Amino acid sequence: VCFRACINGNWISAPAGTVHEARLKAKAKRRLRKNSSRDSGRGDSLSDNGDAVRSAAPPTSPKGRVLDRRSRLGKGRGLPKKGGAGGKGVWGTPGEVYDEEEVDVRDPNYDEDQSCVYETVVLPLDEEAFTKTVTPIVQEYFEHGDANEVAELLGELNLSSMRSDVPLLAVSLALESKASHRELTSRLLSWLCGRVLTRSDIENAFHKLLRELPDLVLDTPTAPQLVGQFIARAVTDQILTKNYIEGYKGRVDCEHARAALDRAAVLLKMSREAGLRIDNLWGSGGGQRPVNQLIKEVNLLLQEYVLSGDTVEAERCLRELEVPHFHHEFVYEAIVMVLESKGDKTLQMILKLLKSLFDSSVITVDQMRRGYERVYMDIVDINIDVPCAYSILEHFVDKSFSTGVIDAKLRDLCPCRGRKRFVSEGDGGRLKPESY
């Protein structure tokens with residue numbers, strides 16, 4: 001049986017099976033022509049029997065372009081556009097900081113009434129927050145002594161009505177501390193006046209301080225005398241007026257406040273008439289004193305002890321020097337005093353003092369060792385002025401070891417000068433070893 005069919009515009013006669021195959025081929029060709037114009041090179045091909053075969057999607061296909069963001073032109077390193085900052089919903093690269101946009105006054109859309117001004121608002125401190133914030137600042141100042149740093153830290157706070165409490169807190173802390181800290185407090189008040197505080201704030205602080213003296217005396221019995229010295233120092237530094245004390249005459253009922261004002265008045269009178277230096281009222285801390293001045297004070301301390309024999313007073317004076325790192329100089333000067341003295345009394349007294357200071361841990365083992373070692377190193381020069389220095393030093397070192405001031409190792413380091421000499425002409429010319 002033959003059929004006539006139109007294939008590709010041509011009528012042909014063919015058997016039934018042949019016509020069916022021809023129709024399938026024509027359908028595949030039409031489908032191929034339809035898709036080739038839209039996505040040429042997609043990879044479709046015909047098999048031997050006319051079926052369309054699709055290979056894996058090439059990089060240029062729509063599916064491939066979704067997965068691969070590299071340039072279709074073959075350029076670039078394959079990195080995302082704009083460094084990853086150009087995607088949807090992205091404001092910029094990670095870590096990018098935008099500067100504040102400046103307003104252009106010449107912009108036609110500029111409106112002066114709608115411009116915004118941002119300010120950092122610091123809330124004022126209450127009494128509890130003030131104590132917790134300012135107390136560490138003052139205590140750290142006692143360690144570093146930088147008044148400018150304290151002024152900068154206080155300038156960052158909103159003190160408002162609490163400014164007069166800054167001197168009050170500083171003086172209250174200094175009353176329970178050392179003399180060097182009181183000197184630093186006086187310097188701090190003088191530095192803050194005119195920068196962070198006004199003279200009126202300083203006066204109000206001392207008014208409060210005089211009213212609180214009955215409570216301060218409970219912790220510091222000498223508070224009235226110390227507050228009087230602070231007032232005298234403040235008047236000398238010109239942060240309190242000269243008539244500050246006179247303004248209280250006849251208006252003070254508290255005995256502690258009267259004692260403080262009387263102390264300040266006496267000091268100021270001695271300054272005018274006797275030339276007393278109020279600016280050196282508290283003295284200076286050990287770390288701030290010159291070495292020559294410290295050596296003089298150590299020698300005076302030792303001389304007073306030899307005259308009085310009071311080890312408790314000597315220990316108190318040594319503590320007040322506030323130079324624990326310089327105690328080796330005390331040991332050195334004490335031993336040199338023994339070498340230069342005559343008789344056994346000074347040796348016994350110095351040995352007793354060193355033993356007491358060593359047992360009370362005022363002088364540490366390291367400082368004691370350094371003092372003895374310095375004497376060992378300088379014994380040659382000392383022997384020029386003191387001919388018997390070697391023998392006296394050996395005797396003193398043995399006594400120190402027996403009392404437990406030094407150990408055996410430090411004792412064995414003691415230098416000794418042996419010498420062979422003739423005793424007399426009648427000994428037959430024999431050489432006798434002897435140390436002297």
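Reply: The protein has 17 helices and six strands in this predicted model. Its chain comprises 436 residues, of which 35% count as buried. Among the contacts with a separation of 6 or more, 62% join residues 24 or more positions apart. The accessible surface amounts to about 28,600 Å², and carbon and sulfur atoms contribute 51% of that area.

Arginine 289 is situated in the loop that runs between α10 (255–273) and α11 (291–308). The relative accessible area of arginine 289 is 16%, and because this is under 20%, the residue counts as buried. Between arginine 289 and leucine 321 there are 32 residues of sequence separation, while their C-alpha atoms are 9.7 Å apart in space.

Leucine 321 also belongs to the packing of α11 with α12. Helix α12 covers residues 311–321, and its axis is 10 Å from that of α11, at an angle of about 170 degrees. This angle is over 145 degrees, so α11 is roughly antiparallel to α12. On the α11 side, the residues in contact are Glu297, Val298, Leu301 and Tyr305. On the α12 side, they are Thr311, Ala314, Cys317, Leu318 and Leu321. By residue class, the contact of α11 with α12 contains seven nonpolar residues, one polar and one charged.

Technical notes: Residues numbered from 1 in each chain as written. Predicted model: local features only at pLDDT ≥ 70, side-chain atom pairs only at ≥ 80, totals over all residues. Heavy atoms only, no water. Helix = DSSP H or I, 4+ residues; strand = E, 2+ residues; numbered from the N terminus. Buried < 20%, exposed > 50% of the residue type's maximum accessible area, 1.4 Å probe, protein only. Axes fitted to C-alpha atoms, helices over the stretch in contact; angles between N-to-C directions. Parallel < 35°, antiparallel > 145°, perpendicular 65-115°, else oblique. Contact = heavy atoms within 4.5 Å. Nonpolar A, V, L, I, M, F, W, Y, C, P; charged D, E, K, R; others polar. Areas by Shrake-Rupley, 256 points an atom, 1.4 Å probe, with all protein chains shown as cover.
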